[in-house]
Amino acid sequence: VVVGFTSGGFYDRWARMLARFMPKYIPGKPDMIVQNMPGAGGLIAANYTFNVAPPDGLTVASLSYGLYLDQMVGRSEAKYDIRKFGWIGSPEKSDVLLYMRSDAPYKSIDDIRKASTPPKCGSTGTSGTDFILARLLEDTLDLKINTVMGYPGGSEIDLAVEKGEVQCRGMTSAPYFGREPFISWAKRNFVNVLVFGGVKRDPRIPDTPTLYEIFDKENTPEESRQVADVILRGGDFGRPLVTPPGTPADLIKMLRDAHAKAMKDPALLDEATKGKMEVEAVSGEDLEKLANKMMSMPPAVVKRVKNVLAAK
């Protein structure tokens with residue numbers, strides 16, 4: 001199981017849990033071994049899975065949900081076609097948020113817009129949630145974020161925030177509510193969440209506005225809203241497991257069935273609850289449909305997404 005990020009984050013935690021439970025539902029009950037392959041926001045692992053890993057059903061990969069965007073905007077580093085992966089399933093969907101150190105002079109999105117010096121936010125790479133959310137906020141809300149790229153994983157960004165190297169991070173919400181350092185940070189009010197990417201407010205951060213609320217307040221143009229929706233709702237990919245292109249259909253079906261059964265296993269669900277890991281399983285069939293939908297967007301929308309996500 002190739003994981004496109006460092007150990008300790010939710011991509012890694014879910015991959016390791018599924019590597020323990022999926023074999024129960026695979027003929028022969030084979031061992032599944034997790035290998036972390038971080039770098040470039042998951043691009044290294046994606047390129048390896050697509051171009052190097054043999055399509056024999058013995059390699060699956062846990063890849064970034066944002067990989068479709070790198071392909072959509074035509075980044076030369078993206079050496080894959082998401083429509084050709086074998087989509088196995090995802091354990092959850094992913095809304096996004098932006099957190100900021102509480103001692104930073106940015107208490108709201110409007111503070112960032114008015115600031116003479118933009119905040120410094122850490123990023124893993126162009127397909128990472130951190131980069132994607134920062135670019136989206138810049139484009140739709142007319143503000144500036146100084147994105148510091150090159151961190152191998154989210155845990156390293158969180159450490160950089162702790163040390164004061166950067167002040168903020170865009171990320172999916174599940175790990176923010178489910179793991180350290182965020183649990184301890186919440187107790188001492190170390191960070192605040194400035195914006196939430198879900199359709200509705202999250203009751204765990206009731207004072208944090210959604211991006212859609214800010215759009216309503218500021219009369220954001222409809223085209224900007226549509227582009228934001230293409231980008232944010234891509235979080236329905238969650239933390240997907242895929243196989244290399246060309247993997248035989250019977251092996252893909254076997255792995256999809258094992259994933260679906262594992263996600264209903266009472267022991268897995270109990271462990272996920274104890275670990276504060278949100279569960280909203282997505283089938284491989286639905287992920288495959290979503291991949292095809294995202295790569296069939298109208299040219300005008302794709303052009304605007306390219307402008308939003310252009311590396312700076």
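This is a predicted model: local features need pLDDT of at least 70, side-chain atom pairs count only at pLDDT 80 or more; totals for chains, interfaces and linings use all residues.

**Exposure and charge**

Modeller: Glu165 is partly exposed, at 35% relative accessibility. Residues are numbered from 1 along each chain as its sequence is written, and side-chain values use heavy atoms, with hydrogens and water left out.

Colleague: Which residue forms a salt bridge with Glu165?

Modeller: In general, side chains of opposite charge can pair when their charged atoms come close. The criterion is a side-chain nitrogen of Lys or Arg within 4 Å of a carboxyl oxygen of Asp or Glu. For Glu165 the partner is Lys163, with the closest N and O atoms 3.2 Å apart. Lys163 counts as exposed, because its relative accessibility is 57%.

Colleague: How many salt bridges does this rule give?

Modeller: The count comes to 27. One of them joins the side chains of Arg113 and Asp110, at 2.6 Å from N to O. Both residues belong to helix 4 (residues 109–114), where they are three residues apart, about one turn of the helix. Arg113 is partly exposed at 24%, and Asp110 is partly exposed at 29%.

Colleague: Where do Glu285 and Arg256 lie?

Modeller: The side chains of Glu285 and Arg256 form a salt bridge with an N to O distance of 3.7 Å. This pair links distant parts of the chain, 29 residues apart: Glu285 is in helix 13 (residues 284–294) and Arg256 in helix 11 (residues 249–262). Glu285 is partly exposed, with 41%, whereas Arg256 is buried, with 14%. Elsewhere, salt bridges that share partners join Asp110, Arg113, Lys114 and Glu218 into one network.

Colleague: How many disulfides does a search of the whole structure find?

Modeller: The test is a pair of cysteine sulfur atoms within 2.5 Å. The search finds one, between Cys121 and Cys168, with an S to S distance of 1.9 Å. The link of Cys121 and Cys168 is left-handed, with -100 degrees about the S-S bond. Cys121 is in strand 6 (residues 120–123) and Cys168 in strand 8 (residues 168–172), so the pair ties together parts that are 47 residues apart in sequence. Cys121 is buried at 4%, and Cys168 is buried at 0%.

Colleague: Is strand 5 mostly covered or uncovered?

Modeller: In a regular strand the side chains alternate between the two faces of the sheet. Strand 5 (residues 96–101) is mostly covered, with six of its six residues buried. On one side are Val96, Leu98 and Met100, and on the other Leu97, Tyr99 and Arg101.

Colleague: Which strands pair with strand 5?

Modeller: Two strands pair if DSSP finds at least two bridges between them. Strand 5 runs antiparallel to strand 8, joined by five bridges, and Val96 stands opposite Thr172. Strand 5 also pairs in the antiparallel sense with strand 9 (residues 191–196), again over five bridges. There, Val191 is the bridge partner of Arg101.

Colleague: What is the strand order of the open sheet of six strands?

Modeller: The order is 2-1-3-10-4-11, with mixed pairing. The edge strands, strand 2 (35–36) and strand 11 (282–283), each pair on one side only. Within this sheet, strand 4 (residues 86–90) and strand 10 (residues 241–243) are antiparallel over three bridges, with Gly89 opposite Leu241.

Colleague: Where is Thr6 found?

Modeller: Thr6 is in the loop between strand 1 (2–3) and helix 1 (10–21), and is buried, with 13% relative accessible area. Contact means heavy atoms within 4.5 Å; leaving aside residues up to four places away in sequence, Thr6 touches Asp12, Asn36, Pro38, Pro152, Gly153 and Glu156.

Note on methods:
Helices (H or I, at least four residues) and strands (E, at least two) are DSSP runs, numbered from the N terminus. Buried means under 20% relative accessible area, exposed over 50%, partly exposed in between (1.4 Å probe, protein chains only).
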